[in-house]
Each structure stands twice: as C-alpha cells, then as structure tokens.
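This briefing concerns the packing of helices and the nonpolar core of one predicted model. Please consult the sequence and structure shown here.

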Amino acid sequence: MIFELDFHSDETLYIQLCNQVIIGIARDVIHEGDDLPSVRQLADEIGINMHTVNKAYKVLASQGFIKVDRRTGAVVAISADRLRALAETEKDLRVLLAKASCMGLSKEEIHDLIDRIYEEYGG
C-alpha cells in the first residue's frame with residue numbers, strides 16, 4: 001500500500017493521508033479487515049512525523065473507517081452508520097455546491113462531474 005503526499009500542498013498532511021485511505025477503500029484497493037501499517041512504520045515509509053500519522057488514524061477512527069487498538073494496530077473497519085454518513089455528506093455537498101454556484105457552474109456540469117467521479121468508485 002503506497003501513500004503519496006504532496007508536501008507543497010496547502011492541505012495538511014494528516015488530511016491528505018486520511019483522504020488517501022478513504023479513496024483507497026472506495027476504489028476497493030483497501031478492504032474491510034485489512035491491516036494498515038503501524039504508525040511508526042508508515043511515518044518512516046512516507047518520511048513524516050509519527051504524530052501526523054497518529055492524528056490521521058484518530059480522525060479515520062472517529063469517522064468510522066478504521067479501528068485502532070494499541071496491541072493489534074489499525075484495521076480497516078467501516079462502521080459509520082448510513083444516517084450519519086448521509087448527514088455528513090449533505091453538509092459537505094452544501095458547501096461544495098455553493099462554491100460551484102458562485103463560480104457559475106451549471107447543474108448539468110455538476111451532475112456529469114458527480115457521475116464521472118462516482119464511476120471511479122464502482123458506483
């Protein structure tokens with residue numbers, strides 16, 4: 001499992017790492033029950049601070065994508081209930097659609113974009 005972070009991005013490294021794990025799950029590259037590298041191992045592989053990886057794992061755990069146990073490590077365990085996921089998605093989409101509207105993007109352009117991206121995830 002290879003994670004590539006953009007050290008020049010405005011997006012924080014732990015958010016980039018979280019997003020890559022989530023995208024890996026959505027694209028079926030990372031599966032339910034898969035072990036993730038230990039905090040120390042992943043930090044060494046990517047060349048970042050262990051605290052950054054630890055923060056990413058905590059965020060992923062709080063969002064219901066992984067479970068973290070000090071003895072067994074981090075494991076992909078999708079436990080987010082659908083209602084919570086739907087509410088969070090709606091909240092995020094509201095902001096994204098407001099931005100798109102301000103930029104003059106049409107409803108059709110947005111629908112095409114959503115369909116194209118969703119296809120990437122097997123939808």
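**Nonpolar core**

Of the 20 residues in the largest nonpolar core, those that touch the most other members are Phe3, Leu17, Leu36, Leu42, Ile46, Val53 and Tyr57. Such a core is a set of buried Ala, Val, Leu, Ile, Met, Phe, Trp, Tyr and Cys residues joined through side-chain atoms within 4.5 Å; buried means under 20% relative accessible area, exposed over 50%, and partly exposed in between (1.4 Å probe, protein chains only).

- At least two residues of this core come from each of helix H1 (13–26), H2, H3 and strand S2 (73–76).
- H1 gives the most, with five residues.
- Leu17 touches Phe3, Leu5, Leu42, Ile46, Val53 and Ala56, residues up to four places away in sequence not being counted.

**Packing of H2 and H3**

- The axes of H2 (residues 39–46) and H3 (residues 50–62) cross at roughly 120 degrees and come within 8 Å.
- H2 is therefore oblique to H3 (under 35 degrees is roughly parallel, over 145 roughly antiparallel, 65 to 115 roughly perpendicular, the rest oblique).
- Val39, Arg40, Leu42 and Ala43 of H2 make the contact with Met50, Val53, Asn54 and Tyr57 of H3; contact means heavy atoms within 4.5 Å.

**Loop residue Asn49**

- Asn49 lies in the loop between H2 and H3 and counts as partly exposed, at 43% relative accessibility.
- The C-alpha atoms of Asn49 and Val39 are separated by 9.2 Å.

**Basis of the values**

- Residues are numbered from 1 along each chain as its sequence is written, and side-chain values use heavy atoms, leaving out hydrogens and water.
- In this predicted model, local features need pLDDT of at least 70 and side-chain atom pairs count only at pLDDT 80 or more, whereas totals for chains, interfaces and linings use all residues.

Technical notes. Axes fitted to C-alpha atoms, helices over the stretch in contact; angles between N-to-C directions. Helix = DSSP H or I, 4+ residues; strand = E, 2+ residues; numbered from the N terminus.
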